[in-house]
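Please give a short report on this structure for someone who has not seen it before.

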Amino acid sequence: QLPLVESGGGSVHPGGSLRLSCTVPDITLDSYQIGWFRQAPGGEREAVSCISATGAGTNYAASVKDRFTVSREVTKNAVDLQMDNLKPEDTAVYYCAADSSPSWVRAACLNANMYQYWGQGTQVVVSS
């Protein structure tokens, strides 16, 4: 088991920013590829971003590219998702997920099926 924990969600106005964090107590995240996904009310889960175990590789969904930035925060043992210029359509529960496979394929890392471990999610609301 890998008890992923998301934090940093909240409520902001359009154009605002939030920084989500994905951590796990007592286990280093360095050997896991991490993905961020979201699910809006009544909607299906969709990919947001992903990052390789080394942090050298990243990928983003078209809807968030140039607004969101994923990064590894080694000193925190966390993977963060900086979300800027938030829009109402970004409102969703955001989940982080981890994959323990040693190989990373950029095109595949936005596929939820490759992840074995999931957090409980953190709510993000963007509203005026």
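Strands (E, at least two residues) and helices (H or I, at least four) are DSSP runs, numbered from the N terminus. This is a predicted model in which local features need pLDDT of at least 70 and side-chain atom pairs count only at pLDDT 80 or more, while totals for chains, interfaces and linings use all residues. Residues are numbered from 1 along each chain as its sequence is written, and side-chain values use heavy atoms, with hydrogens and water left out.

E7 and E8 pair in the antiparallel sense over six bridges; pairing requires at least two bridges found by DSSP. Thr 69 is opposite Gln 82 in E8.

| Strand | Residues |
|---|---|
| E3 | 18-23 |
| E7 | 68-73 |
| E8 | 78-83 |

Ser 21 lies in E3. Ser 21 is buried, at 9% relative accessible area (buried is under 20%, exposed over 50%, partly exposed in between, with a 1.4 Å probe and protein chains only). Beyond four places in sequence, the contacts of Ser 21 (heavy atoms within 4.5 Å) include Trp 36, Ala 78 and Asp 80.

The largest nonpolar core has 28 residues, and Trp 36, Leu 81 and Met 83 are among those with the most contacts inside it. Such a core is a set of buried Ala, Val, Leu, Ile, Met, Phe, Trp, Tyr and Cys residues joined through side-chain atoms within 4.5 Å. E9 gives the most to this core, with four residues. A second, separate core of eight residues includes Cys 50 and Cys 109.
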